Amino acid sequence: MEFTKTPGWLDWYAGPTRPRFKLPPGSVDAHCHVFGPGAVFPYAAERKYTPCDASKEQLFALRDHLGFARNVIVQATCHGADNRALVDACRASQGRARGVATVRRSVTNAELGELHTAGVRGVRFNFVKRLVDFTPRDELLEIAGRIAPLGWHVVVYFEAADLPELWDFFTALPTTVVVDHMGRPDVKQPVAGPEFELLIRLLREHPNVWSKVSCPERLSVSGPPALNGEQAAYRDVVPFARRLVETFPDRVLWGTDWPHPNLKDHMPDDGLLVDFIPHIATTPDLQRKLLVDNPMRLYWPEEC
Ligand SMILES: O=C(O)c1cc(C(=O)O)oc(=O)c1
C-alpha cells in the first residue's frame with residue numbers, strides 16, 4: 001500500500017522521503033502512535049489536543065516505506081485510557097506490533113489479560129503538564145504493582161526540569177522503566193551539564209531504567225536542515241542521544257514518534273529522522289542493538 005494522506009495535519013505533507021540509511025534487518029520503530037480515526041475510535045473527553053486522524057493502515061505503510069519490520073505503538077494522551085485504537089492496530093498487525101497502553105486504577109485483571117493477548121507489554125505514565133492532569137502517585141504505583149507480574153514495563157514521559165521531583169517515584173517502580181524522548185533535555189545546555197547528567201545518573205545507578213533516544217525534532221533548536229542540506233538534521237540533539245547510546249548500548253530504543261503530535265513549526269520528514277540514526281549510533285553493532293536486539297528483548301522476548 002502507498003503512503004496516503006488524511007485531511008488535517010498530514011494534508012499538506014508530501015510524505016516521507018526514502019531514507020539513505022539502510023536499517024538493519026528486523027528493525028523496530030519503538031515509538032509511534034495511531035490516532036483514531038476519530039469517527040471509529042473517538043478521542044478522550046479529557047484530551048488537551050485533538051490530533052489529525054492517523055490510521056493503522058498509514059502507520060503500516062510508513063513502516064514498510066522506511067524499512068522497519070515492526071512497530072511499538074504507544075498510547076497517546078488524546079485517547080486517554082481508551083486503548084481501543086491501539087488494540088485494533090496491534091491485532092491487525094499480525095504480530096508485527098506491540099503496544100504500550102494507558103490504564104486507570106479501575107482496570108480489571110480480565111481487561112489487563114485482554115490487553116496482553118492483543119500485544120500490550122507496558123503502561124505509560126505521563127507527567128508532561130501540557131498533556132495531562134495530575135494522577136496521584138499511589139494510583140500509579142498500584143498500577144505498576146499489578147502489571148509487573150505480567151512481565152510488562154512502565155514508560156514515563158516527563159520534562160527534564162521535573163526529574164529531581166520524580167526521582168523517588170521512578171526509582172520505586174518495580175519494573176523496567178523506559179524514559180520517553182531522553183527525558184526531554186534542554187539541548188541548549190551542555191551535554192555534560194547538571195540537567196542531562198541527572199538522567200545519566202538515573203540510568204547508571206538503576207539498571208532497570210532504559211531510555212528512548214527519540215524525538216530530535218521536538219528537542220532541536222537548530223531544526224531540520226534546509227532541503228538538500230549537507231549537515232545532519234537536528235544536529236544539536238546528536239551529542240545527547242549519542243552519549244546515551246554509547247554509555248548504555250543495551251538499554252536504548254529508537255522510534256519515529258509518527259505522526260508527531262503537537263509539533264507546530266514543521267512536519268518532520270520521517271526519512272530524515274531515520275537518517276539521523278547513524279549520527280547517534282555510529283557502528284553497525286550499536287545500530288543493531290538500538291534497532292533490533294533491545295526492542296526485541298523488551299517486546300518480543302519469546303523470539304530472542
Ligand atoms: O510531546 C508531545 O506533545 C507528545 C505527546 C504525546 C501524547 O499525547 O501522548 O506523546 C508523545 O510521545 C509526545
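These legends walk through close-up views of a predicted model. Local features are taken where pLDDT is at least 70 and side-chain atom pairs count only at pLDDT 80 or more, while totals for chains, interfaces and linings use all residues. Residues are numbered from 1 along each chain as its sequence is written.

**View 1. Strand E5 under cover.** All five residues of E5 (residues 153-157) are buried. His-153, Val-155 and Tyr-157 lie on one side, with Val-154 and Val-156 on the other. In a regular strand, side chains alternate between the two faces of the sheet.

**View 2. The neighbours of E5.** Strands pair when DSSP finds at least two bridges between them. E4 (residues 120-126) runs parallel to E5 through five bridges, with Arg-124 opposite Val-155. E5 is also joined to E6 (residues 177-179), in parallel, by three bridges, and Val-156 has Val-179 as its bridge partner.

**View 3. The ligand shell.** Around the ligand sit Ala-76, Thr-77, Cys-78, Leu-131, Asp-180, Arg-218, Asp-257, Pro-261 and Asn-262, each with its C-beta atom, placed from the backbone, within 6 Å of the ligand. This shell divides into four nonpolar, two polar and three charged residues; Ala, Val, Leu, Ile, Met, Phe, Trp, Tyr, Cys and Pro count as nonpolar, Asp, Glu, Lys and Arg as charged, and the others, Gly among them, as polar.

Note on methods. A residue is buried if 20 or more other C-beta atoms lie within 10 Å of its own, exposed if 12 or fewer, and partly exposed in between; C-beta atoms are placed from the backbone. Helices (H or I, at least four residues) and strands (E, at least two) are DSSP runs, numbered from the N terminus.
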